[in-house]
Structure formats: C-alpha cells, structure tokens
Amino acid sequence: VQPPAPSSTAQSEALFERAKRVTPGGVNSPVRAFRSVGGVPRFMASAEGAYLTDADGNAYIDHIGSWGPMILGHNHPAIRDAIVAAAAHGTSFGAPGWREVDLAELVCQITGVQKVRFVNSGTEATMSALRLARGFTGRKYTLKFRGNYHGHADALLVEAGSGLMTNAAELGAAAPSSAGVPDEYARLTLVAEYNDASALDALMAERGHEIAAVIFEPVVGNAGVLLPSAEFLAALDRVKGNGALLIADEVMTGFRLSASGATGRLGLTPDLSCWGKIIGGGLPVGAYGGRAEIMDYVSPEGPVYQAGTLSGNPLAMSAGLATLQALQADPGLYDRLDTYTARLAEGLQQAADSVGVTVWINHIGSMLTVFFQAGPVSNYTEAARSDTAAFAVWFQGLLKRGVYWAPSQYESIFISAAHGETELKVTLQAARAAFAEVVQA
Ligand code: PMP
C-alpha cells in the first residue's frame, strides 16, 4: 500500500461524498462544509498540540482549536489522562457525582459567580439563562446585538452572526435568521447595533421596563472579532439599573481572554454569565451562573425548569476540571497568548502590506480576525463590507500550505498554548504567499 501523496485529498473527498448522502450538507455544523470558501472540507483523523491531521495524512497548523475549547492545544496529556481515568469508573450515572461539585466550586472561585448549573453546550447555556431571566424578572422581551451569535435557540436566532452571517446571502436572512423560527418568537427579541451606546440607552429608556435580559458577546467572535468601546461597556453596565438582567455570553471568551473571561478583563460585572467550549476541555459542556438570588430560581430550587440526562457527565466534568486546573497552574499563559497573537497580527499586516492587499485586523488576547477591507470594523454592518471572495482565495492559499484557518470571513481564530515560534514562522510565510495569490486572483 502506497502512503497517500502529501497533497492528496482523496480520502476527504470520499468521506464527504458518503457524508452528504446521510447528513445534511455532509457535516454536523454548517461552517465545516467550506460553503463560503469552496473546496473539499478536510475530514480530520487526529489532532496533537497545534496540529490537525486529515484522513489523507496531511498535517495542518490548526488556528481554530475546535472553535475555542483547545486553549491548551490538542490531546493535552493531563486532559486525556483525566478523561481516561474517569471512563474507568463508568461513563454516566444519571445521579450526582463528585466531579460536578469540584468543577462548580472551581468555576465559582475563578469567575466570582455564586452558583452555576452545567448543561451540554453553549446553546443550552444561553437558552437556559434567557429562560431564567424571564422567570426572574417576569418580563418577556430580550435585547441582543446584530451579528452576535448565542447558539441556535429560537429566541436568539434573530440577526445572529457566525454561520448565519456566512450563509446570509443563501438564506436571504433578515430577522429571524433561520427558517422555522416563527415571527411571533422573533418579535420578542429586540435588536440593536453593537458598539452603539446611544442606541442602547434609547432602547432601554423606551422599552427597558419590558426587557427581561440584554444578552451580548463581551468581545464578539461571531461577526469576526469586534472589540467593545468604553462607551458601549458603560451603556451595558447601565442596563442593570433598569431591572433587566445583563447576560454576558462568554461561551467563546470565558477562560480565554483572562481567567475571568472578557468581562473580567474589561471590568464589567454581568448578572448572569454563560460558558461553553473551554469549560468542557473539548467535551460537550456548557454552563450558566450568577448570584444565588437569581440562580435559585432554577428547578428544583425555583420555578424555572431546566434539566439534562447527560448534564454533569463524569467524563465531560473531568475534562473541564483538568483544563481549568491546568490554566490555574500556569498564570503566565494569558500573557504569552496575547504576545503570540499580537506578533501574528503584526506579521499578517506586514505580509498583506508587502504585496498591496488591504486588510483590517482586529485582535484581543488569543482571538483574531483578518477582515479583507480597509476598516475600521466595530459592528456587524462594517464587518459585512468585507471582500469574502478575496478571503476565500487567501484561505485556500493557506490551506494548501498546511495552515488551517477559520473557513469563513466572519469568524475568529483561536491561538493555543501549543503555538510556538515554528508555527508562527510557517503561518506568516504561508500568509504572505497566500496574500500574493489574492493579488493575482
Ligand atoms: N455563544 C457564543 C458566543 C458562541 O460563540 C457559540 C458557539 N460558537 C455559542 C453561544 C453556542 O455554543 P454551542 O455551539 O456549544 O452550542
């Protein structure tokens, strides 16, 4: 048997054909299908450190880290050992166990919330937090921001970012963002432009008494990276004076932008926080938490129902625990991630400039987006002006050189502890060559 040629994608192509016959679009989450960048999605066989290896044996420097969870790099020994050790004692109890108590205590200690409830995804976390806010306040309406993505619960699929932004042209999306979400639901969700403090103040002055919750990404990853202005953060803080709950969706940013997430880094204290991704160390975990007076509205303590067969699953909890413990044991990591990502941003800007491609780069901590436009980019409307065709050419240029970037203009990349000097150098070389191809295209 001949080993596959390094550039062969035969196995991925064959798997994609089989997958399309039995799964919508051949994938279990839309952005993986490469619809906006074209080409064959790579079907992965293994992951180690900063690298993904596909079914044909091609290795890639991974810049998505499973869309956030793998902050320590893939197949981290401490996390793998914790999962294996937990599995030896049974995979699900349907009854409480010690690991969920340990992880809840650790999350409370690190983030400052008083109580936390574990669920199985970021979607469940935001959906449940929203129900809790409605139950707690007795109000119906939610306010969210254009281009922020909070998972795929009906009430939050309104002018949402991420894959919905990628596929917007395809869907003809306005509000709601998805077929199957009744207008009646969408009407309960008000939408404002991100980073527009006066629009938020005006909406709160007019409708604040009806609003149960304002939900937001404290740093946006789902329209590409958008950074909140100081004025906008101050307006978000004022929401709390209105009786509405302020819900920080830290599914991407939690335990990533600092130990206490984006809100901790930016000095904002929400009423409720939602987590996912890193909190499960690569296994399916989400969580929401806040002050005890609010969290005690959740069943069985209170009247807001929320449950889960696999919630608090011992394998998932062990992966989350090992991840948060490893992060705690390495307090310098966040600074190192910041430095690496800042150098990557600078190198990418120079590479683009050197061949005359216009890009605007937003980055913070270990999150970064290269927007193919002159910028500045601070909200959905500005992000949507990007040249997605140029991005697609650049993406393919990276991929064929062994650099796996987020396969959409409107996503963040995620740097991990496993990214080092070699990965930075190879990525920047590939980026420069790929920018040159954008000029030729
Ligand atoms: N909120 C944010 C900010 C997210 O980025 C995501 C997913 N990328 C979600 C919620 C939904 O999380 P999940 O995909 O785990 O359901």
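The chain is divided into domain 1 (10-63 + 332-440) and domain 2 (77-328), with bounds that come from an automatic or database domain assignment. This is a predicted model, in which local features need pLDDT of at least 70 and side-chain atom pairs count only at pLDDT 80 or more, while totals for chains, interfaces and linings use all residues. Residues are numbered from 1 along each chain as its sequence is written.

**Where the domains meet**

- The C-alpha centres of domain 1 and domain 2 lie 25 Å apart.
- Across the boundary, 26 residues of domain 1 are in contact with 22 residues of domain 2; contact here is a pair of C-beta atoms, placed from the backbone, within 7 Å.
- On the side of domain 1 that touches domain 2, α13 (333-355), β11 (360-364), β12 (367-371) and α14 (380-383) each supply at least two residues. Helices (H or I, at least four residues) and strands (E, at least two) are DSSP runs, numbered from the N terminus.
- The largest share of that side, four residues, comes from β12.
- By type, the residues on that side of domain 1 are 12 nonpolar, 12 polar and two charged. Ala, Val, Leu, Ile, Met, Phe, Trp, Tyr, Cys and Pro count as nonpolar, Asp, Glu, Lys and Arg as charged, and the others, Gly among them, as polar.

**Helix α16, face by face**

- Helix α16 (residues 421-440) has 20 residues and reaches 29 Å from its first C-alpha to its last, close to the 28 Å expected at 1.5 Å a residue; the expected span is 1.5 Å times one less than the number of residues.
- Its buried residues are Glu-423, Thr-427, Ala-430, Ala-431, Ala-434, Phe-435 and Val-438. Buried means 20 or more other C-beta atoms within 10 Å of the residue's own, exposed 12 or fewer, and partly exposed in between, with C-beta atoms placed from the backbone.
- Seen down the axis of α16, these buried residues fall within an arc of 150°, so they line one face of the helix; the arc is that of the directions from the helix axis to the C-beta atoms.
- The buried residues of α16 pack against β3 (59-62), α13, α15 (388-400) and β13 (403-404).
- Turned away from the buried side are the exposed residues Glu-421, Thr-422, Lys-425, Val-439 and Gln-440.

**The nonpolar core**

- The largest nonpolar core has 127 residues, and those with the most contacts inside it are Ala-133, Ala-213, Val-214, Ile-247 and Ala-287. Such a core is a set of buried Ala, Val, Leu, Ile, Met, Phe, Trp, Tyr and Cys residues joined through C-beta atoms within 7 Å.
- At least three residues of this core come from each of domain 1 and domain 2.

Notes
Two residues are in contact if their C-beta atoms, placed from the backbone, lie within 7 Å.
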